[in-house]
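Here are my notes on the side-chain contacts. Please read them with the structure open.

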Amino acid sequence: MEPGPGPDATLQAQRSGERFDELVQEMPEHYQAILYLRYREDLAYEEIADALDIPLGTVKVRLHRAHEILRRKLSARGARGTKP
């Protein structure tokens, strides 16, 4: 049995999740919904399209734009921009 992440790694992951949540809450609702369904609910693009009753292409575009907004926000705050 392999040991799980140590306390430092767990704390870092928690802080990263909190920062992600703060940044997402600053975004328009349609981006919040896409990001929540993708990363918190772990839904596939097709499932997101069904859940929101929007075309698959719209899901892809909104997710891409949400990533770009997050990247800009992280960059403006002096953090390295990475995909969530």
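**Notes on side-chain contacts**

1. Start with Lys-73 and Glu-26. They form a salt bridge, with the closest N and O atoms 3.0 Å apart. This pair links distant parts of the chain: Lys-73 belongs to helix α4 (residues 56-76), while Glu-26 lies in the loop between α1 and α2, 47 residues apart. Lys-73 is partly exposed at 22% relative accessibility. Because buried means under 20%, Lys-73 does not count as buried. Glu-26 is also partly exposed, with a relative accessible area of 41%.

2. Keep in mind that the model is predicted. The distances and accessibilities in this note are computed from that predicted model.

3. How many salt bridges does the whole structure hold? The search finds 3. One of them joins Arg-40 to Asp-21, and their closest N and O atoms are 2.5 Å apart. Here too, distant parts of the chain are linked: Arg-40 is in helix α2 (residues 29-40) and Asp-21 in helix α1 (residues 7-25), 19 residues apart. Arg-40 is partly exposed, with a relative accessible area of 41%. Asp-21 is partly exposed at 32%.

4. Glu-68 and Arg-71 form a salt bridge within 4 Å. The closest N and O atoms are 2.5 Å apart. Both residues sit in helix α4, 3 residues apart, so about one helical turn separates them. Glu-68 is partly exposed, with a relative accessible area of 28%. Arg-71 is partly exposed at 25%.

5. Now the rings. The count of aromatic pairs is 0. There is a charge over a ring, however: the charged end of Arg-38 sits over the ring of Tyr-39, 6.0 Å from the ring centre.

6. Which residues touch the most other members of the largest nonpolar core? They are Met-27, Ile-34, Leu-35, Ile-48, Val-59 and Leu-70, in a core of 18 residues. Helices α1, α2, α3 (45-52) and α4 each give two or more residues to this core. The largest share comes from α4, with 6 residues. In soluble globular proteins, nonpolar side chains tend to be buried together.

7. Ile-34 deserves a look of its own. Leaving out residues up to four places away in sequence, Ile-34 touches Ile-48, Leu-52, Ile-54, Val-59, Arg-62 and Leu-63. Ile-48 and Val-59 are, like Ile-34, among the core residues that touch the most other members.

Definitions and conventions: Residues are numbered from 1 along each chain as its sequence is written. This is a predicted model: local features need pLDDT of at least 70, side-chain atom pairs count only at pLDDT 80 or more; totals for chains, interfaces and linings use all residues. Side-chain values use heavy atoms; hydrogens and water are left out. A salt bridge is a side-chain nitrogen of Lys or Arg within 4 Å of a carboxyl oxygen of Asp or Glu. Helices (H or I, at least four residues) and strands (E, at least two) are DSSP runs, numbered from the N terminus. Buried means under 20% relative accessible area, exposed over 50%, partly exposed in between (1.4 Å probe, protein chains only). Rings of Phe, Tyr and Trp (its six-membered ring) pair if their centres lie within 6.5 Å; planes under 30 degrees apart count as stacked, over 60 as edge-to-face and the rest as tilted. A charge sits over a ring if NZ of Lys or CZ of Arg is within 6 Å of the ring centre and within 35 degrees of the ring normal. A nonpolar core is a set of buried Ala, Val, Leu, Ile, Met, Phe, Trp, Tyr and Cys residues joined through side-chain atoms within 4.5 Å. Contact means heavy atoms within 4.5 Å.
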